[in-house]
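Subject: Structure handover

Hello,

Here is the structure I promised you. Please open it first, then read my notes below.

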Amino acid sequence: MKKDIFIKHRKTFIKKMEDRSFALFYSGEAPHKTTDQRYPFTIDRNFYYLTGLERERFILVMAKAKDKSRTLLFIEEPSDYATKWLGDRMTKDEASRLSGIDESDIHFVEAFRKTLHAKIMSDSRKAVISLPENVYLDLYRYEATKKALALKQFSDVLSDYPELNLKNANTLLSRMRMVKSPEEIKEIMHAVRYTKSGIEAIWQNAKPGINERQLDALFEYTIRLRGSEGVGFDTIVAAGENATVLHYVSNDQPVGADDLVLLDLGALSGVYSADVSRTFPASGTFTERQRAIYEVILSVNKKTIEKVKPGINVSELNAFAKEELGKGLIDLGIIEDKKDVSDYYYHSVSHYLGLDVHDVGTYQTPLEPGMVITVEPGLYIKDEKIGIRIEDDVLVTEDGHKNLTEAIIKEADAIEGFMS
Ligand SMILES: [Mn+2]
């Protein structure tokens, strides 16, 4: 994406910061795996949103006093050693071109503490703002009992300057990230196109006896061949009873002749991911019973998408979908009392989609144009070895919605036709 987007994001964030404040963001680093091996690096999404940069161990500083503001970036210093072993490191010039941060405001991480003191925390002539009162950190907790990563990352700053009030940058950024720009939506659409090609490759090659892992590999092979960076999250390929496990990612069982196969997957475009679920018969033809259940979910999928418009919230969409799925289960003779729907449907019908697959945002916020959510009703009937989920990615527009995954077929007849 163009640097203008990131310049705009920083401007908006600075505007939302309190006076006499500065904010610190860390780009992250790959976690250790074993001996000298590391897990693949994934950029911190808020850092990316503000810089467009995807490198480890970078630090972003944004400071504000009255109508003055200043952005500083700290990057790793390029060296011959690093270049020989790890490939080219990003230069100041490159970082400046991608992020729009002035090259004179880009320093090396080794100088972070000294520069922070000279330019932010002192009253010297070099100070950008002098003696700020607040520091913003991303205080997101990934588990209720875990500390925010930024508290550890910037613990020395917090202990050196105990006079600073701690503020949460995460709440400000989450609110910003909920509404997507046209450029972000374009990126999601690219991801959807890759995902479509991967699903179609699966449909062309699926047959009874094939292993789930072959279909998983085929998806990833196809999207990467087309230019995708890879999968946005762990692919789910779940045949038969496996599909009743919501986050089944083992993907290592043979597909039975009468199985339905549930796919929940998404390709990346840049750092944006699609998130699509489709369910199909391994044999290429639904049995009568499978089709009856499938039609219930498909109908709830369509009806719920129809409800998407500015003003409604995700909790309301979920209540609607749950009610409709309950009616369907009664019609199918699976339950007698509507309240038993929870035995067969136990997730939410929607989540936000964006830089994260389960993107930021609360389920009570009224939807606004530019938000992107999934619509994914499902039923999981263990006794019948059937799990079905049909998931689309839906953009909220001024007058309603646009289904971004419309081109990925979902009618039972259309899927049977495609597979034959
Ligand atoms: Mn989803």
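First, a definition you will need: axes are lines fitted to C-alpha atoms, for helices over the stretch in contact, and angles run from 0 to 180 degrees between N-to-C directions. Helices (H or I, at least four residues) and strands (E, at least two) are DSSP runs, numbered from the N terminus.

Two notes on the source. This is a predicted model, where local features need pLDDT of at least 70, side-chain atom pairs count only at pLDDT 80 or more, and totals for chains, interfaces and linings use all residues. Residues are numbered from 1 along each chain as its sequence is written.

Helix pairs

Start with H11 and H12. Their axes are 10 Å apart and the packing angle is about 155°. That makes H11 roughly antiparallel to H12. The cut-offs: angles under 35 degrees count as roughly parallel, over 145 as roughly antiparallel, 65 to 115 as roughly perpendicular and the rest as oblique. The crossing of H11 and H12 is right-handed. Handedness works like this: a crossing is left-handed if the near helix is turned anticlockwise from the far one by less than a right angle, and right-handed if clockwise.

Which residues make the contact? H11 brings Val296, Val300, Lys303, Thr304 and Lys307, and H12 brings Leu317, Phe320, Ala321, Glu324, Leu325 and Gly328. Contact here means that two C-beta atoms, placed from the backbone, lie within 7 Å.

Next, helix H9 (residues 182–205) and helix H10 (residues 212–226). They pack at about 140°, with axes 8 Å apart. H9 and H10 are therefore oblique to each other. Their crossing is right-handed. Residues of H9 in this contact include Tyr194, Gly198 and Ala201, and those of H10 include Leu215, Phe219 and Ile223.

Then helix H1 (residues 3–16) and helix H8 (residues 169–178). Their axes come within 10 Å and cross at roughly 135°. H1 and H8 are therefore oblique to each other. This crossing is right-handed too. His9, Thr12, Phe13 and Lys16 of H1 meet Leu172, Leu173 and Met176 of H8.

H11 covers residues 288–307. Its 20 residues should span 28 Å at 1.5 Å a residue, and its end C-alpha atoms are 29 Å apart, which agrees. The expected span is 1.5 Å times one less than the number of residues.

Which residues of H11 are buried? They are Gln290, Ile293, Tyr294, Val296, Ile297, Val300, Asn301 and Thr304. These cover an arc of only 150° around the axis, which puts them on the same side of H11. The arc is that of the directions from the helix axis to the C-beta atoms. The face turned away from the buried side carries the exposed residues Glu288 and Glu306. A residue is buried if 20 or more other C-beta atoms lie within 10 Å of its own, exposed if 12 or fewer, and partly exposed in between, with C-beta atoms placed from the backbone.

H1 has 14 residues. It reaches 20 Å from first C-alpha to last, close to the 20 Å expected. Phe6, His9, Arg10 and Phe13 of H1 are buried. They cover an arc of only 95° around the axis, which puts them on the same side of H1. Asp4 and Lys15 are exposed on the other side. The buried residues of H1 pack against H2, E4, strand E5 (68–75), helix H4 (92–99) and H8.

Residues in loops

Arginine 57 lies in the loop between helix H2 (45–51) and strand E4 (59–65). Its phi is near 60°, a positive value in a residue other than glycine. Is arginine 57 buried or partly exposed? With 14 C-beta neighbours inside 10 Å, arginine 57 counts as partly exposed.

Asparagine 251 sits in the loop between strand E9 (236–239) and strand E10 (260–265). Its phi is also positive, near 45°. Asparagine 251 is buried, with 20 other C-beta atoms within 10 Å.

Isoleucine 312 is in the loop between H11 and H12. Isoleucine 312 and threonine 365 are 53 residues apart in sequence, and 8.2 Å apart in space, C-alpha to C-alpha.

Best wishes
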